[in-house]
2 protein chains.
Amino acid sequence: MPLSKERVLRTAVDLAVRDGIESLSMRKLADELGVGAMTLYHYVPNKDELLDGMVDLVFAEIELPATDVDWQTAMRRRALSTRDVLNRHRWAVGLMESRATPGLASLRLHDAVLGCLREAGFSVELTIQAYSVLDAYIYGFALQEKTVPFDDARGAAAVAEEQTRQFAERAEERQMATLAEEFPYLFEVVAGHVAEVGYDFAASFEHGLDLILDGLEQRRSRS
Amino acid sequence: MPLSKERVLRTAVDLAVRDGIESLSMRKLADELGVGAMTLYHYVPNKDELLDGMVDLVFAEIELPATDVDWQTAMRRRALSTRDVLNRHRWAVGLMESRATPGLASLRLHDAVLGCLREAGFSVELTIQAYSVLDAYIYGFALQEKTVPFDDARGAAAVAEEQTRQFAERAEERQMATLAEEFPYLFEVVAGHVAEVGYDFAASFEHGLDLILDGLEQRRSRS
DNA sequence: GGTTGTCTTCGTACGGTGTACGAACGACCG
DNA sequence: CGGTCGTTCGTACACCGTACGAAGACAACC
């Protein structure tokens, strides 16, 4: 298979998924492709634009909102798809929002989302508003999920227990107050609740999402 | 003034504010302090923990929720303060949530927020839920604001106009369809609305925030 | 006083990074 | 065959984080 921008980008994404974005270097990417480092610069002007290209590949994976269902269902599906993609591509969280020049897939998605809201009867102002809340929530949630080392409620419980233990250790070393004394509410939540019943990110995401969708529908129907 | 961990961290934050986090290097930081690079390692174990320390300084700037007002007012103020701080420290957005080991200021803030909600009558589950939505929104919003090069509505309008122009240029070069044809809804919003009346991030943040606070209050009073 | 030890500073060096430059090589066209 | 062009790559430079050990400052002891 010959080298191409497409293949360079896809391989870069594979490496980012496997080893994390911070360890992705032009040399490693070139190695992976069986090629000298400088060869890459014939397909990509520099590393920044490589990242831009990778990000747009991620955007392309996100489902466009459906046009044959009510707007809440469409937005709900789009949000779930975004969270899903961002979970598969944690390396991209934090890059997607902050990059300066959006790629084609990104534009396509944004246009489709705005279109979905406008066609559902949102005014331009409300559309912008809805778009802003939804995306802030979705990306913010992904940001929080980015670093957690577990995938399900059971894992969350294990981590909560472990962290509680670690904190107790640290406190003892520095002869500080215990977690329970110093941060009672945190203790209640982490050591009490989460360590007991766990924490389900997926369910939590949907609850917050529905809260926002409900609020938006109220504002839409009221306008 | 003698060197100290405190002073190292503060200077690092100053440099991050001035030149951006990605250009902050141990050598530059040492230069700024009039000291050799390796000297820093007597105050900080490595660069990662330097970043942790810087992040905790930012957390320390965020106002704790007040205890003498109703929970919505307290959370509202805390959210506004967070956005404010994150806007002064854009370099910190993306670092604050993703770092593994939270500092003291961070723990203190989290505890205070959880406490505010619990005392307001939220169940533990609802508290976690509320906390999750609010923070996802706040940090997600900050993430979106992170890169925008303007501060007020007028600036937003100027940027929207400029971007529209740039897109037209790009389209012409590659003989693509125009923005208006290819992405009509995006066009309506960017070239139509924003370029005309601008976009006020602060107002937008508050709208979304109130939407979420309303939703949370409904769930609280219903439980 | 001299000696010892601890704390702070720093020079040097190693292996990594992004990428500028120019040489090499093949395929193609005249 | 000669020439052009697209692609590849070796080398080099400036920068990065940081390991190591030497050098100095200064207080506490004999």
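This is a predicted model: local features need pLDDT of at least 70, side-chain atom pairs count only at pLDDT 80 or more; totals for chains, interfaces and linings use all residues.
Two residues count as being in contact when their C-beta atoms, placed from the backbone, lie within 7 Å. Tyr137(B) sits in helix 6 of chain B, which runs over residues 124–145. Tyr137(B) is buried because 27 other C-beta atoms lie within 10 Å, and 20 or more is what it takes to be called buried. As for Leu95(B), it is 42 residues from Tyr137(B) in sequence, and the two C-alpha atoms are 16 Å apart in space.

Next up is helix 7 of chain B, residues 153–173. With 21 residues at 1.5 Å each, this helix should span 30 Å, and that agrees with the 30 Å between its end C-alpha atoms. Its buried residues are Ala156(B), Ala160(B) and Phe167(B). Looking down the axis of helix 7 of chain B, these buried residues fall within an arc of 45°, so they line one face of the helix. They pack against helix 8 (179–182) and helix 9 (184–197) of chain B. Over on the other side of helix 7 of chain B, the exposed residues include Arg154(B), Glu162(B), Arg165(B) and Glu173(B).

Then there's the DNA. Around DNA strand C there are 14 residues, and those that come nearest are Ser25(A), Asn46(A), Lys47(A), Gly36(B) and Met38(B). Helix 2 of chain A (residues 26–32) supplies the largest share of this surface, three residues. Sorted by class, the surface near DNA strand C has six nonpolar, five polar and three charged residues.

Technical notes:
Residues are numbered from 1 along each chain as its sequence is written. Chains are lettered from A and ligands numbered from 1 in the order in which they are written. Helices (H or I, at least four residues) and strands (E, at least two) are DSSP runs, numbered from the N terminus. A residue is buried if 20 or more other C-beta atoms lie within 10 Å of its own, exposed if 12 or fewer, and partly exposed in between; C-beta atoms are placed from the backbone. A residue is near a molecule or strand if its C-beta atom, placed from the backbone, lies within 6 Å of it. Ala, Val, Leu, Ile, Met, Phe, Trp, Tyr, Cys and Pro count as nonpolar, Asp, Glu, Lys and Arg as charged, and the others, Gly among them, as polar. The expected span of a helix is 1.5 Å times one less than its number of residues. The arc is that of the directions from the helix axis to the C-beta atoms.
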